Amino acid sequence: MKPAGRALHDAARAVIPGGVNSATRYVGAPYAFTAAEGAHVTDADGTRYLDYHAAFGAVLLGHNAPVVNEAVARALNGVGLIGMGVTPPEIEMAELVAELIPSAEMMIATMSGSEATAQAVRLARAVTGRPLLVKFQGCYHGWHDSVARNVISPADRAYGRDPLSAGLLDEAVDSTLIAEFNDLDSVRALYERHPERIAAVILEPIPHNVGALLPTQEFLQGLRTLTSEHGSLLVFDEVITGFRHAPGGYQQICGITPDLTAFGKSMGNGFPMAGLAGRRDLMARYESDVLLAGTFNGHPVAVAAAVATMTYLRDNPDFYRRTHRLGTRMRAGLEAVLAELSTPATVTGFGGVFAVYFTSGPVRGYRDLLRNDDEAYRVFHRRMTDAGFLMLPMSLKRNHISGAHTDADIDLTLETARDVLKSMHTDGLLPGD
Ligand code: PLP
């Protein structure tokens, strides 16, 4: 760590456990940040980085996008938080969500994706009167007890009991059953074992919390059919895919409509806005016996950011053409580098999202990812960071191209990735060296 980062590290550690406010934020150096603009962030020592981390994907248009920040500035001098009734922009936001997201007839606003999925689980249990939830190994849906298990699990705990935290209620953890992504039989088996007990199946339609497992159409269609046949709800967690891949999320692309959709992250381009949307008859339960509460729900500043972001995305289809084109260039470029250097790795992604798995493909489900070389990724990540490129610190996670990245950024990234991988071969850090 450089001097300013080190000083802030010591100060933070004295008053913030671990020195960070979310468990996976600590990456060593760079540690503390003081500025962000477009596709770049600057650390406390003045070093500028090209940012593909993008706040775990919350920043979609680029840091401090003027179109969002100007709307936020106007909102700051507006109504403020009243805590009674509703404000006109909250209605505008819900109308936009209903216009853009195919499954959305009504929405509730929350402050985070975790709250949105917690509401999805509660509503599904209320509607079906059933206790169990099915999630997929590798998907992440937030930090609450019902879903905080089996994300990036080591081989000996994958598909078994792998809670993400101490202190979870056993009954909540054990009420969530684990299936394999892209494997309908694994879901059928759970329905056979627990007839009429499963309230919902929840999934990231593209599990970006392990890079990008690309769903087969047959799998998504099969889940739609299975859940309907068994009287369960299908819940798409579009906290990452929502707004990022298309204005209506991945459901707009695949043409499969879930019962409920959770969203958040990039919806407010970095401001804390999230929510749950779905069919009117389901959401109507919030009008009778399902509790929705939250002092800051629908906060005017975050609502202004979300309305500005969604309006921009709706009115600028070129945003998607551009980020998808840059994503395709990045993935093709990385594939060419891997082929040139004979590196045993696989490139994956969708739209403006890309990731490198340090295993040879094909990768269809989490089982294939158990072969990933985490140590190789750790070295790759460290050397890319030291060269000025910020990527997600965890092996198997994804990287994000925002509206502020350019073709020149992609060229520079590819050149650097080539140098880094070459240095790893030279140092004998990759299999076959
Ligand atoms: N769902 C998905 C797919 C996520 O990736 C995340 C966060 O990374 C969440 C839910 C939880 O969202 P939040 O961190 O806003 O609580």
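Author: Welcome! This model is predicted, so local features need pLDDT of at least 70 and side-chain atom pairs count only at pLDDT 80 or more, while totals for chains, interfaces and linings use all residues. Residues are numbered from 1 along each chain as its sequence is written, and side-chain values use heavy atoms, with hydrogens and water left out.

Reader: What is the polar contact of His208?

Author: The side chains of His208 and His245 are joined at 2.8 Å. A polar contact is a pair of N or O atoms within 3.5 Å; within protein, one must be able to donate a hydrogen and the other to accept it, and residues adjacent in sequence count only if both atoms are side-chain atoms. The 2.8 Å of this pair lies within that limit.

Reader: How do you know which residues are around the ligand?

Author: A residue is near a molecule if one of its heavy atoms lies within 4 Å of it. The residues around the ligand include Gly113, Tyr140, Asn209 and Lys265. An N or O atom in the side chain of Asn209 is 3.0 Å from an oxygen atom of the ligand, and a backbone N or O atom of Gly113 lies 2.8 Å from a ligand oxygen.

Reader: What is the span of helix α1, and how does it compare with the expected one?

Author: The expected span is 1.5 Å times one less than the number of residues. Helix α1 (residues 3–15) has 13 residues and reaches 19 Å from its first C-alpha to its last, close to the expected 18 Å.

Reader: Which residues of α1 are buried, and where do they lie around the axis?

Author: Gly5, His9 and Ala12 are buried in α1. They cover an arc of only 75° (taken from the directions from the helix axis to the C-beta atoms), which puts them on the same side of α1.

Definitions and conventions:
Helices (H or I, at least four residues) and strands (E, at least two) are DSSP runs, numbered from the N terminus. Buried means under 20% relative accessible area, exposed over 50%, partly exposed in between (1.4 Å probe, protein chains only).
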